[in-house]
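The structure comes first, and the reading follows.

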Amino acid sequence: MPQSPFPQLADGLFVSPQISRQDILAAATAGIQTIICNRPDGEEPGQPSFEQIRHWAAEASIPHVLHQPVLMPQIDTAAAQTFAEHIASHPAPALAYCRSGTRSSLLWAMGQAAAGADPRRLVQTAAAAGIDLTAALPRLIEAQS
């Protein structure tokens, strides 16, 4: 499989800020099979709608496109579990995105923490992908218990 142009959070999971048509074409070239949008429609002027992303993904032959819109305060263990279920039930590799990549990364990290992963290591893993989850460390520690 070609190298992904997106930062990697885990095996088969990549993260990105808002994606464009060109990003979707690059994702298809890299073998991405699933796209997960964690962004509500209309969050910012000019943002492509989920339906537009779905259309571009279909054009690029990316078969699985999911919408799990969340806002930071809504990200809890239930939302993280839903995200983990999306990852588990759709083909890898997957690309999750939101405005900056932080919400997508936090959904992943909370699910990992709830499964027993070290919250500090999760923050380090996200940092290596260019995402700062330092402020979410208390939430990750809470998710672990």
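## A pair within helix α2

R54 has a relative accessible area of 36%, so this residue is partly exposed. The model is a predicted one. R54 forms a salt bridge with E51. Their closest N and O atoms are 3.4 Å apart.

Both residues belong to helix α2. E51 and R54 are three residues apart there, which means about one helical turn separates them. Side chains of opposite charge can pair when their charged atoms come close.

## A network of four residues

Salt bridges in the model number five. Which residues are linked in a network of salt bridges? The members are R39, E43, E44 and R103.

Is R39 buried or exposed? R39 has a relative accessible area of 1%. The cut-off for buried is under 20%, so R39 is buried. E44 is partly exposed, at 37% relative accessibility.

## The link between loop and helix

Another bridge pairs E43 with R103. Here the closest N and O atoms are 2.8 Å apart. E43 sits in the loop between β3 (34-37) and α2 (50-59), while R103 is part of helix α4. The two parts are 60 residues apart in sequence, so this pair ties them together.

E43 is partly exposed, with a relative accessible area of 31%. R103 counts as buried, at 7% relative accessibility.

Helix α6 covers residues 137-144. Which of its residues are buried? They are L137, L140 and A143. These residues cover an arc of only 120° around the axis, so they lie on the same side of α6.

P138 and E142 are exposed. The face that carries P138 and E142 is turned away from the buried side of α6.

## What covers the buried side

Other helices contribute to the cover over the buried residues of α6. Among them are α3 (77-89), α4 (102-114) and α5 (119-128).

Terms used:
Residues numbered from 1 in each chain as written. Predicted model: local features only at pLDDT ≥ 70, side-chain atom pairs only at ≥ 80, totals over all residues. Heavy atoms only, no water. Buried < 20%, exposed > 50% of the residue type's maximum accessible area, 1.4 Å probe, protein only. Helix = DSSP H or I, 4+ residues; strand = E, 2+ residues; numbered from the N terminus. Arc of directions from axis to C-beta. Contact = heavy atoms within 4.5 Å. Salt bridge = Lys/Arg side-chain N within 4 Å of Asp/Glu carboxyl O.
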